[in-house]
Amino acid sequence: MTRRVALVSGHFPPSNLVGAQRARLWSRYLPEFGWEPVVVTGDPAEYEERPDPDLERLVAPGLKVVHARTLSTRPVRLVGDIGIRSFWGCYRALAKMAKTREIDFVMVTIPSNFLAPVGRLVHLRHGLPFGIDYQDPWVNRWTGNEKPLSRAWASNKLAEMLEPWSVRDAALITGMAPGYVAGMLERNPEVAAKSVLAYMPMGTAPEDYALVRGLGRAPFLFDPKDGNFHMIYAGALLPAGFVVLDAFLAGLHTLRERAPQVASRLRVHFVGTGSSPDDPNGHRVLPRAQAAGVADMVDEHPHRIGYVDTLNHLMHGSAVLVLGSTEPHYTPSKVFQAMLSQRPVFALLHRDSTAVGMIRSAHVGEVLTLVEGDLPSAGTVAASLQAFIEHPAYDAASVDRSVFESYSARESTRLFAEALDRACAAGPHA
């Protein structure tokens, strides 16, 4: 018997934010495993970020999507977070479906973190089991959010108050990897004892690349035929990732000193790394490249481009750059895009990141590992880069396709569906 799960996500296509991808990918494959999805999300007319209409082509045909009423940021922007602005609308939509038994389970995927309490509210009012999926930890500790009365400090304090209430009675807790929820489980041992726990990465989606290849578009950020070696980094930079970025930039400087001919043809493109998704002047990489003396080797397009365009640029580049962070739990979702681009991957990742094994076992590139306080030296980065650029061939025959399947979005969804089955079989949660 097919059961129905409501996937609650603040953003969904045509949103171009990474938070929209989890619900999109799960909803594509869930029917194969006995679950009919319905997506409950904010109103795209009220998204602040530039939409990506092409992304809607990648949504499963016939998927039911409920666009909940969302407070506008116009003419006065009182609050920007989509979870806060769509909270009441999402709750009302879920409550209506719960009352008529149109759904059997509520699964909230965060961010937006402020949507997390909606699952327990529906549970308390209508008795439906619920779960929370962590695409990032909710409560964080990093430099910047410890300053009293700052915005980051206030957000973290609110998280410390809301998270324990939101996760109580959860039938299911999932995450991209165990580290994403480890802190929460330590702070809330009753959840660790009573909830079903499951972990699955974002996963690769070959269908996405098939669509992009079919469009036949040319890249607009660079000319792939100009004789240069174009390395692409696409996606945001986390606070704990800037030291990794600086280590990479230092490596570029040393590379130019040691092998000027190799360095002269290297162009590193950073896309979507700015201070906000739509600010073309919010550069955060370029100032650091200037300080490192390698601005001529670096190009930054700070605002995001469309997801389809991002994949297209990865496919047309010479290589894909992946930079992690000093947090061991962090598994960049961009790893999965990189693995399917059929381009060699150059990565700097925490040694405990699950992405290290993904890249190495699939034989798709070079990985330099790090830990906090012990990053690769500029010389190490430069030597690896030089070898990588001089021998960049992507050998399709050496790629282990079975690894791709084990990290596919379909396999991720299968694990999620099994966790849903276990959570429902465990019985009602008081």
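Reader: What should I know before I start?

Author: Residues are numbered from 1 along each chain as its sequence is written, and side-chain values use heavy atoms, leaving out hydrogens and water. The model is predicted: local features need pLDDT of at least 70, side-chain atom pairs count only at pLDDT 80 or more, and totals for chains, interfaces and linings use all residues.

Reader: Which residues touch the most other members of the largest nonpolar core?

Author: First, the idea. A nonpolar core is a set of buried Ala, Val, Leu, Ile, Met, Phe, Trp, Tyr and Cys residues joined through side-chain atoms within 4.5 Å. Buried means under 20% relative accessible area, exposed over 50%, partly exposed in between (1.4 Å probe, protein chains only). Here the largest core has 78 residues, and L94, V106, Y134 and I173 touch the most other members. Helix α2 (residues 82-99) gives the most to this core, 8 residues. Helices (H or I, at least four residues) and strands (E, at least two) are DSSP runs, numbered from the N terminus. Another core, of 34 residues, lies apart; M231 and L368 are among them.

Reader: How many aromatic pairs does the structure hold?

Author: Rings of Phe, Tyr and Trp (its six-membered ring) pair if their centres lie within 6.5 Å; planes under 30 degrees apart are stacked, over 60 edge-to-face, the rest tilted. This structure holds 5 aromatic pairs. F229 lies in strand β8 (residues 229-234) and F388 in helix α14 (residues 378-390), so the pair ties together parts 159 residues apart in sequence.

Reader: Are F229 and F388 buried or exposed?

Author: F229 is buried, at 3% relative accessible area. F388 is buried too, at 8%. F229, F346 and F388 form one aromatic cluster.

Reader: Where does F346 pair along the strands?

Author: Two strands pair if DSSP finds at least two bridges between them. Strand β11 (residues 319-323) and β12 run parallel, joined by 4 bridges. F346, in β12, is the bridge partner of L321.

Reader: What else does β12 pair with?

Author: β12 pairs with strand β13 (residues 365-370) in the parallel sense, over 6 bridges. There A347 stands opposite V367 in β13. Strand β12 (residues 345-350) is mostly covered, with 6 of its 6 residues buried.
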